[in-house]
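Subject: Structure handover, pockets

Hello,

Here is the structure I promised. My notes on its pockets follow below.

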Amino acid sequence: MSSLLIRGGRVIDPTNGTNAVRDLVVRDGRLAAPLAGEAYDETFDASGCVVMAGGIDMHTHIGGGKVNLARMLMAEDHRDGANPIALPGNLLELASCGNCAPGTLSTGYRYVEMGYTAAFEPAMVPSNARHAHMEMGDVPVLDHGAYVMLGNDELFLQLLAEGGPDAKNFAQLRDYTAWTIQASKAMGVKVVNPGGISAFKFNQRKLDVNEQHAHWQVTPRQVLHTLARALKELGVPHPLHIHGSNLGVAGNIRSTLETIEALEGLPAHLTHIQFHAYGTEGPKKFSSAAQQIAEAVNANPQISIDIGQVMFGQTVTASGDTMRQYAQSDLANPRKWVGADIEGMAGCGVVPFRYREQSYVNALQWVIGLEIFLLVKNPWQVVLTTDHPNGGPFTSYPHLIRLLMDRSFREEQLARLHPEVVSQCALRSITREMTLDEIAVMTRSGPARLLGIPDRGQLGVGAAADIAVYREQADREAMFRVPERVFKDGALVAKHGTLTATPVGGTHFVEPGYDTAIEKTLRKHWGDHGAINFDNVAITHDELCSCCNGGRLLPAECFTGSEA
């Protein structure tokens, strides 16, 4: 039995309503109640420090085919000597690790250096699930999981069309959804441009929420409602993860509001919402619709969002939304891009991009993200993300946190932007400065609740001892950039920004039940159209463990009955 005492830190744990100076006891990798007269193997004096649960990034592209394409496309981002990482002598020093789309080792090291202990890949394709799990398993320290993509695969659209507007075969669609989650060992379902990736292959260049697919004659509204309903009835904790229609298009606020309406009160998570919050007002016909997004979220407590905040500088956009990536390919910087179709299930587009402060559009995107952060009233409905690497690399999180917590710093940065944006934006008049409690919700407690992993993102007795200790500083960027200590399952993994250990992270997944009769339909479809033999599609527990470097399996519980 090993034990650790973290003494005298200011514990900020919104899950348990704690913001107070107190001790934390860790016993065998879990938070524990203190025992009278107990002697501890280790003691760390956290006086003058803020103690939080380990950070959880619930939307970051870190594993899978398109991430590797992004790395290969941006070879110049991996030059020798770029972005060195502080490592002790017993660990390999990486000279080439990248910034826009870093390699697996660098990804794990840099997250841990900021106090993060878990990260979730939001776009895993069923036929590529093994590779995605193997790549995430190669990321050191971090627990991980992925959302499987549905809603553009030809079988789903075929079944949806056969069921008609009344979804007469809903049970079959629900079973197909459950089988896909279980076979790929996913944490939930993501839908990207509902029906739009498929429609692009039939020469449609856009697909609005209530517009019919050229071939299947179904609408994104039907796709959204069917998947959201299926997940609720299956009891999957994380609601449907939605990349909406018309990403990046001026006036797409209409699509976003129609998406919320299409759900008819069902829970859902709208991802990288900044890219879906654009109006058409003003002389440039491109404006902020942040106020409308915030009002919609404030009025719908069953809706959660992450922001996809734009951060200035070079990055690379990697998305399953082939339709929109094709449309944006002329803006590539540097001038190169990749597009692909994947087994008739999904798409892939990789486009390098540089966000510039003096670009009217880029500056307004930066403003819109911050406005949404600050206008949504309930931090439990908002998750802090940059949609890494699409809005910017995850390493910019400390800078983003300072922007949210420090109005004067925010105003300094605002003054550097395109003058027309500065003169017109509502951000100038927003006085809100987020608190440490709110930051803890958006980066720890909230993601854990949304994912259904109750022993993470909190510091109550029995929780996993994933802990980040930050020295209290007025400069919140410096504070969150380099924690004093980071513990993973009670073991010290980083000290003053230097990695001290690289244990293998665990894999989160869910296994909803389903009627096995669906497998007859699936077997025929995979036999006719798939490159993988149907008998080899589903990933077993033993194989998942092997894929993930022997890391622990962390199944999340599905809810039943009234809990769903």
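Strand 17 (346-355) gives four residues to the lining of the second largest pocket, the largest share. This is a predicted model, with local features needing pLDDT of at least 70, side-chain atom pairs pLDDT 80 or more, and totals for chains, interfaces and linings using all residues. Residues are numbered from 1 along each chain as its sequence is written, and side-chain values use heavy atoms, without hydrogens and water.

Terms: a pocket is an open set of points on a 1 Å grid over the protein atoms alone, where a 1.4 Å probe fits, with protein on both sides within 12 Å along at least five of seven lines; lining residues have an atom within 4 Å of a point. Volume is the space filled by probe spheres set on the points, joined across faces, edges and corners. Helices (H or I, at least four residues) and strands (E, at least two) are DSSP runs, numbered from the N terminus.

The second largest pocket holds about 520 Å³. Its lining has 29 residues; F275, Q328, F353, Y355 and Q365 lie nearest the centre. Strand 15 (313-319), helix 10 (322-328) and helix 11 (360-375) are among the elements supplying at least two lining residues each.

The largest pocket has a volume of about 790 Å³. It is lined by 39 residues, with P237, R449, L450, G452 and F559 closest to its centre. Helix 7 (220-234), strand 14 (303-306) and strand 24 (553-555) are among the elements that give two or more. Helix 15 gives four, the largest share.

Best wishes
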